[in-house]
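This report describes the fold of a protein model and the surroundings of its ligand. Please consult the sequence and structure shown below while reading.

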Amino acid sequence: MRKKIIAANWKMNKTVGEADSFVKAFLVEIGQENSVDVVLIPPFTAIPKVSELLSNASHVKVGAQNMHHEKSGAFTGEVSAEMLRELYVRFVVLGHSERRALFGETDAFINRKVKAALEASLCPILCIGETLEQRDAGQVEKVLETQLRGSLADLSPAQIAETVIAYEPVWAIGTGRTASPEQAQEAHAFVRKVLAQLSDAETAARVRIQYGGSVKPDNTATLMGQPDIDGALVGGASLDPRSFAQIVKAAKA
Ligand code: PGA
């Protein structure tokens, strides 16, 4: 059985003070709930505060939104896996569609980061997904397969098993337009099929595949009820502690 994993991708939102208020309110909302893995992914500047507040809450983990693949050096504006580990970060989002579209990240570049994350014992949350034009042109499977093969190149089955995949159709991100549970399930089943080709069936069956794109408290349960949907990567609806806690609870149900 794959344990569900629900992650809050705050993107470029929340100051340290706002993160502090969120975590305190959120911990009250979710209580001791630990049947679902929960990850808070603040901007870099709020990570130390969030980690500190979660130091006695082992059921909620901390993630980062990006990292560089080199260990150190002349890479102005970047942070390394080791720097994140020092702040008790356990997960790192890689290849988010905003980074692909706005910052020119390619599958080959993302692949280096995935490897560096795994080598540093950080769990990558690898994001993939098609644009609306690609869906309308019937290219969903081709796009997902290319992104998976490129981003996961040269990984061992054990490394693939440790990676979380987030299927995030670009047309559903921040638009209020969610993929239907059937559309999402179809894509997730395809992702698992490609993962089996890249490793083996047993490994693919262990990988957790999150859905992302306008996940809200009221659409979580039906999405999570699909056989190949193992969690959610939540943007907008993760900014409010009550709404994010409702999503966590709905994922458990
Ligand atoms: P959204 O963002 O929930 O606001 O659609 C999801 C994401 O980009 O991870």
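## Barrel architecture

In this predicted model, eight strands close into a barrel, and their order is 1-2-3-4-5-6-7-8 with parallel pairing. From one strand to the next, the twist averages 25°. Strands of a sheet pair through backbone hydrogen bonds, in either a parallel or an antiparallel arrangement.

Helix 1 spans residues 16–30 and lies across both strand 2 (37–41) and strand 3. Relative to strand 2, helix 1 runs at about 170°.

## Ligand surroundings

The ligand is surrounded by 13 residues, of which Lys-11, His-96, Glu-168, Gly-174 and Ser-214 are the closest. Classified by type, this shell comprises seven polar, four nonpolar and two charged residues.

For Gly-174, a backbone N or O atom is 2.7 Å from a ligand oxygen atom. A polar backbone atom of Ser-214 is likewise 2.7 Å from an oxygen atom of the ligand. At Gly-236, the distance between a backbone N or O atom and a ligand oxygen atom is 2.8 Å. On its own the ligand has 290 Å² of accessible area, and the protein covers 95% of that area.

Conventions: Residues are numbered from 1 along each chain as its sequence is written. This is a predicted model: local features need pLDDT of at least 70, side-chain atom pairs count only at pLDDT 80 or more; totals for chains, interfaces and linings use all residues. Side-chain values use heavy atoms; hydrogens and water are left out. A residue is near a molecule or strand if one of its heavy atoms lies within 4 Å of it. A polar contact is a pair of N or O atoms within 3.5 Å; within protein, one must be able to donate a hydrogen and the other to accept it, and residues adjacent in sequence count only if both atoms are side-chain atoms. Accessible areas come from the Shrake-Rupley method with a 1.4 Å probe; for residues, only the protein chains shown count as cover. Ala, Val, Leu, Ile, Met, Phe, Trp, Tyr, Cys and Pro count as nonpolar, Asp, Glu, Lys and Arg as charged, and the others, Gly among them, as polar. Two strands pair if DSSP finds at least two bridges between them. Helices (H or I, at least four residues) and strands (E, at least two) are DSSP runs, numbered from the N terminus. Axes are lines fitted to C-alpha atoms, for helices over the stretch in contact, and angles run from 0 to 180 degrees between N-to-C directions. Contact means heavy atoms within 4.5 Å.
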